[in-house]
Amino acid sequence: MSASMSASIRSFALVALGALALLLAMAPAHAESPDQQVEQGLSEFQNLDFAQAIVTLEAVVRASEATPSQRILALELIAISHLSLGHSKRAEAAFERLLNLRPDYELRNHEGSPKVTAAFETVRRRRGTEITP
């Protein structure tokens, strides 16, 4: 093996080890359960820390051990958080994901907000899943 190839391999190995160390440092010391993550995300949402709530609640949606109810609650709060941050397209995408899980879902956490209701109903109409009273 040439000296330059050996140096390249060492450089690559050092970069890979550095990246691995960074990932391990960023990982939580212990994995939280979906229940704990939902509770944390809800607290962040209630404290108006919408950006952090989105991060926390997306972890719930991705967690293999999360229940459908946990995922649905997380997606509703993610959508409302995106709307609160002015991200209407991202909110609609979260509502779409929610309706993929439960097409007949009715909003529970919007406290009558016309903005939230309008975004949700826009997605529902687009999907053709309007609920008639």
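A residue counts as buried when its relative accessible area is under 20%. Keep that cut-off in mind as you walk through this predicted model.

**Stop one: Leu99.** Select helix H5, residues 88-101, and pick out Leu99 within the helix. Is Leu99 buried or exposed? Its relative accessibility is 0%, so Leu99 counts as buried. Now show what surrounds this side chain: beyond the neighbours within four places in sequence, Leu99 is in contact with Tyr105, Phe120, Val123, Arg124 and Arg127. Leu99 and Ile72 stand 27 residues apart along the sequence, and their C-alpha atoms are 8.6 Å apart in space.

**Stop two: the H3 and H4 pair.** Next, colour helix H3 (residues 50-62) and helix H4 (residues 68-84), which pack with their axes 9 Å apart and at an angle of about 155 degrees. Because of that angle, H3 is roughly antiparallel to H4. The crossing of H3 past H4 is left-handed. To see the contact itself, show side chains on both helices: H3 contributes residues including Phe50, Ile54 and Leu57, while among those from H4 are Arg71, Leu75 and Ile78. What kinds of residue make up this contact of H3 with H4? They divide into 10 nonpolar, 4 polar and 2 charged.

**Stop three: Gln37.** Finally, move to helix H2, residues 34-46, and select Gln37. With a relative accessible area of 14%, Gln37 is buried. Which residues does Gln37 touch, leaving aside its neighbours within four places in sequence? Look for Glu32, Thr56, Leu57, Ala59, Val60 and Ala63, each in contact with Gln37.

Note on methods
Residues numbered from 1 in each chain as written. Predicted model: local features only at pLDDT ≥ 70, side-chain atom pairs only at ≥ 80, totals over all residues. Heavy atoms only, no water. Helix = DSSP H or I, 4+ residues; strand = E, 2+ residues; numbered from the N terminus. Buried < 20%, exposed > 50% of the residue type's maximum accessible area, 1.4 Å probe, protein only. Contact = heavy atoms within 4.5 Å. Axes fitted to C-alpha atoms, helices over the stretch in contact; angles between N-to-C directions. Parallel < 35°, antiparallel > 145°, perpendicular 65-115°, else oblique. Left-handed = near helix turned anticlockwise from the far one by under 90°. Nonpolar A, V, L, I, M, F, W, Y, C, P; charged D, E, K, R; others polar.
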